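Subject: Structure handover

Dear colleague,

Here is the structure that I promised to pass on, followed by notes on what was found in it. Please read the notes with the model open beside them.

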Amino acid sequence: MTAPTVFVLSGPNLNRLGTREPEVYGSDTLEDIHEAVEREANDLGLVADCRQTNHEGELIDWLHEAVDAGADVVLNPGAFTHYSYAVRDACAIVTTSGRSLVEVHLSNPAAREEFRHTSVVAGVATGTVAGFGLQSYLLALRALV
């Protein structure tokens with residue numbers, strides 16, 4: 001039997017981790033996160049399909065692909081969290097199809113600037129993990145099993 005695949009999707013600017021505001025986002029690079037996620041997924045009997053994009057439409061296409069593949073999703077929408085109703089609607093397609101979607105954030109948006117306090121994704125996500133750096137991704141994987 002093939003291990004279930006989980007799409008681990010990261011949005012805009014997350015390719016700059018390690019150098020972008022390390023006091024907020026930590027010193028781990030996206031590659032570090034992907035390596036840790038792949039190890040954790042393997043330990044949990046999952047396969048992690050890790051991807052990052054700076055483009056809203058590409059992220060939406062990947063969410064649709066997850067639905068078509070019957071895959072759960074771990075999603076760090078980055079700044080799309082706060083305003084992209086298109087990403088929110090694609091996330092709703094995931095969860096209304098019977099799959100799980102866990103929203104993740106490295107930092108705690110509620111402890112940051114006011115505009116970051118609202119997530120348009122949270123209302124359609126299965127759950128949210130925020131504020132634990134790289135561990136946010138690993139906790140999200142554990143939540144799926």
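Two strands are said to pair if DSSP finds at least two bridges between them, and helices (H or I, at least four residues) and strands (E, at least two) are DSSP runs numbered from the N terminus. This is a predicted model, in which local features need pLDDT of at least 70 and side-chain atom pairs count only at pLDDT 80 or more, whereas totals for chains, interfaces and linings use all residues. Residues are numbered from 1 along each chain as its sequence is written, and side-chain values use heavy atoms, with hydrogens and water left out.

Five strands form an open sheet in the order 2-1-3-4-5, with parallel pairing. Strand 2 (47-52) and strand 5 (127-130) stand at the edges with a single partner strand each, so one side of each is left without a neighbour in the sheet. On average, neighbouring strands of this sheet are turned by 20 degrees against each other, direction ignored; the axes behind such angles are lines fitted to C-alpha atoms, for helices over the stretch in contact, and angles run from 0 to 180 degrees between N-to-C directions. Strand 3 (residues 72-76) and strand 4 (residues 101-105) run parallel and are joined by three bridges, and within this pairing Leu-75 has Glu-103 of strand 4 as its bridge partner. Helix 3 (residues 56-69) packs on the sheet, where it touches (heavy atoms within 4.5 Å) strand 1 (5-10), strand 2, strand 3 and strand 4, and its direction makes about 170 degrees with that of strand 1.

The nonpolar cores

A nonpolar core is here a set of buried (under 20% relative accessible area, 1.4 Å probe, protein chains only) Ala, Val, Leu, Ile, Met, Phe, Trp, Tyr and Cys residues joined through side-chain atoms within 4.5 Å. The largest has 23 residues, and those with the most contacts inside it are Val-8, Val-37, Val-74 and Tyr-137. Its largest share, six residues, comes from helix 5. Apart from it lies another core, of 21 residues, among them Leu-59, Ile-60, Val-87 and Ala-90.

The annotated positions

An unreviewed UniProt entry lists Asn-76, His-82, Asp-89, Leu-106, Ser-107 and Arg-116 under "binding site"; such annotations may be inferred rather than shown by experiment, and the positions are given in the numbering used here, with feature names shortened. Of these, His-82 lies in the loop between strand 3 and helix 4 (85-96) and is buried, with a relative accessible area of 15%. Leu-106 lies in the loop between strand 4 and strand 5 and is buried as well, with a relative accessible area of 7%.

With best wishes

Definitions and conventions: Buried < 20%, exposed > 50% of the residue type's maximum accessible area, 1.4 Å probe, protein only.
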